[in-house]
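Hi everyone, thanks for coming. Today I'd like to walk you through one protein model, a piece at a time.

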Amino acid sequence: MSIDARLAELGIVLPAAAAPVAAYVPVVIAGNMAFVSGQISFVDGQLVKGKLGADVSVEQGILAAQGCGLMILAQLKAALGSLDRVERVVKLGAFVNSTDSFTDQPKVANGASELMVAVFGEAGKHARAAVSANSLPLGVAVEVDAVVAIRPA
């Protein structure tokens, strides 16, 4: 089954790949690896802003991380032409805007991690870091970056 068919089966419509907001590119391809810049939390076209442990719930954080994952997929599709070129999701890095006492960063990051497994199956299982950040760009709640092994075009 193609990844586009899998997305349709899951009822997932990818957003348009967002343009960079600073001096970087969304995806760098080096050999058989794609490095996806950090994608910030958009849900239903709106930024998810705030701080976990203060004004954003764990459930909202999970949805925010899933939104980051969807944008990672959108960026990969834009750069690769097809998500069928994804061989394996190697690693995700999840940054959670959170208070000093908040310790559920891994639960929040699962929003992106579980999306990758739902879309790519076994090839979506990855290594991961889930860390707290005192602040993130534009005041967003979550940012996620990715390293992905790819097949030749």
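Before I show you a database annotation, one thing to keep in mind: UniProt annotations may be inferred rather than shown by experiment, and the positions I quote follow the numbering used here. Also, what you see is a predicted model.

With that said, an unreviewed UniProt entry lists residues 5-139 as "domain: Endoribonuclease L-PSP/chorismate mutase-like".

Now look at helix α2, which covers residues 58-80. How far does α2 reach from its first C-alpha to its last? With 23 residues, α2 reaches 33 Å, close to the 33 Å expected at 1.5 Å a residue. Just after α2 comes Gly81, with a positive phi of about 90 degrees.

Let's stay with phi for a moment. Most residues other than glycine have a negative phi. Which residues here have a positive phi without being glycine? Asp44 is one of them, with phi near 50 degrees, and Leu138 is another, with phi near 60 degrees.

Where do they sit? You'll find Asp44 in the loop between β3 (42-43) and β4 (46-47). Leu138 is in a loop too, the one between β6 (127-133) and β7 (142-150).

And are they buried or exposed? Exposed means over 50% relative accessible area. Asp44 has 76% relative accessibility, so Asp44 counts as exposed. Leu138 has a relative accessible area of 52%, so Leu138 is exposed as well.

Key: Residues are numbered from 1 along each chain as its sequence is written. This is a predicted model: local features need pLDDT of at least 70, side-chain atom pairs count only at pLDDT 80 or more; totals for chains, interfaces and linings use all residues. Side-chain values use heavy atoms; hydrogens and water are left out. Helices (H or I, at least four residues) and strands (E, at least two) are DSSP runs, numbered from the N terminus. The expected span of a helix is 1.5 Å times one less than its number of residues. Buried means under 20% relative accessible area, exposed over 50%, partly exposed in between (1.4 Å probe, protein chains only).
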